[in-house]
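Please find below a short note on the model under review.

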Amino acid sequence: KKTLEQHREKLKTVVFQEGLGTVYEKTERLERLAAFIADALDVDPDVRKRARRAALLSKADLVTGMVTEFTELQGVMGREYARLDGEEEEVAQAIDEHYRPRFAGDAEPQTVSGRIVSLADKMDNLVATFSRGLIPTGSQDPFALRRQALGMVNMLIEAKYSLSVAALTDAAMDELGIAGEAARDKMRCDVAAFLRLRLKNVFDDVGIRYDVAEAVLADSDDVYACFQRAQAVAEAVKGGAMMPVIQAFVRAGNLAVKAENDVIDPALFVVPEEKALYQAFTSTASAVESLIEGQDYMGAIDALSDLAAPINALFDAVMVMDKDVKIRNNRLALLLLVDRLIRRVADFSKLIL
């Protein structure tokens, strides 16, 4: 007799978490977060509209008699009631799917709207619970945050979504009214570290070596891109043919940490090898950025390999740590730029050769 829209009003009497308002307020946050994610993914306007609608109705079935009696039917009944209300099929599906995966081995959401609302719900749960200081430790995880975070990671990889974890965390913090730069910085770090551990588990499950995982995890803000880079590095190091190239990368990186700045003055080049490395870096940088933009990380590694010979040539020709401070700093700045470019794919010093 009641529509989901009418049931939703009753959510104003249901507490979400202590000090974090009602479930009704949570659905309003989810609607805005869903819109944020839809915009970040640049989805079709109709999909964005359906995701927002599903987010608003996502928790309405919690106060129905059926779900009150059989709690395991949350989402399932929401889907059926939405169909009876004449909601669009994808809206109905998304209401059910946003809880997925409910358990290990459960299917990921299959509709775009379902994925968007699921990501919004899980990030809101993470940030809200973390804001209360309830980060899971040891075997204690009363809110099943590990499962939800793993679900987010798997979903981003399976759906091939490039989405900034930091930006999504910021959006969730804005919705929850978390202020103060220190508190926001800590939240970004805590959420990133929590998701990074789940991503590490995924790498282990698909057989990616732990040192390869360490090489790419320093930059895991885009989960799907990090997964792609791990696959590319794992493929590149097979058979050992890349070993001389990686050794050159590591040589450059070892000295790059001593650089005071990244300002290069070509007039301070003393030997042709300096100019050759600078030219190789300049041409390689544009190629690598283009390949990364197109998510071709194997191609980016191939392009970076062209830097190995000029790096080794520089080390053979000069002492980088020259007595002349200007010449020394200029060479270190060059190595710093080269190292930064290489690290756009991975920190190859983490690899065990």
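The numbered points that follow treat the cavity, then the helices.

1. The model is a predicted one, and every value in this note is to be read accordingly.

2. How many cavities of 30 Å³ or more are there? The count comes to one. The volume of the largest cavity is about 50 Å³.

3. Which residues line the largest cavity? The lining consists of Val-165, Ala-192, Leu-195, Arg-196, Leu-199, Ser-220 and Val-223. By class, five of the lining residues are nonpolar, one is polar and one is charged. Helix α10, which spans residues 181–205, supplies the largest share of this lining, namely four residues.

4. Helix α2 covers residues 23–41, 19 residues in total. From its first C-alpha to its last, α2 reaches 26 Å, which is close to the 27 Å expected at 1.5 Å a residue. Just after α2, Asp-42 takes a positive phi of about 55°.

5. How do α2 and helix α9 pack, and at what angle? Helix α9 comprises residues 165–176, and α2 packs with α9 at an angle of about 155°, their axes lying 10 Å apart. Because an angle over 145 degrees counts as roughly antiparallel, α2 and α9 are roughly antiparallel to each other. The crossing of α2 and α9 is right-handed.

Note on methods. Residues numbered from 1 in each chain as written. Predicted model: local features only at pLDDT ≥ 70, side-chain atom pairs only at ≥ 80, totals over all residues. Heavy atoms only, no water. 1 Å grid on protein atoms, 1.4 Å probe; cavity = no way out; pocket = protein on both sides within 12 Å on 5 of 7 lines; lining within 4 Å. Points joined across faces, edges and corners; volume = space filled by probe spheres on them. Helix = DSSP H or I, 4+ residues; strand = E, 2+ residues; numbered from the N terminus. Nonpolar A, V, L, I, M, F, W, Y, C, P; charged D, E, K, R; others polar. Expected span 1.5 Å × (residues − 1). Axes fitted to C-alpha atoms, helices over the stretch in contact; angles between N-to-C directions. Parallel < 35°, antiparallel > 145°, perpendicular 65-115°, else oblique. Left-handed = near helix turned anticlockwise from the far one by under 90°.
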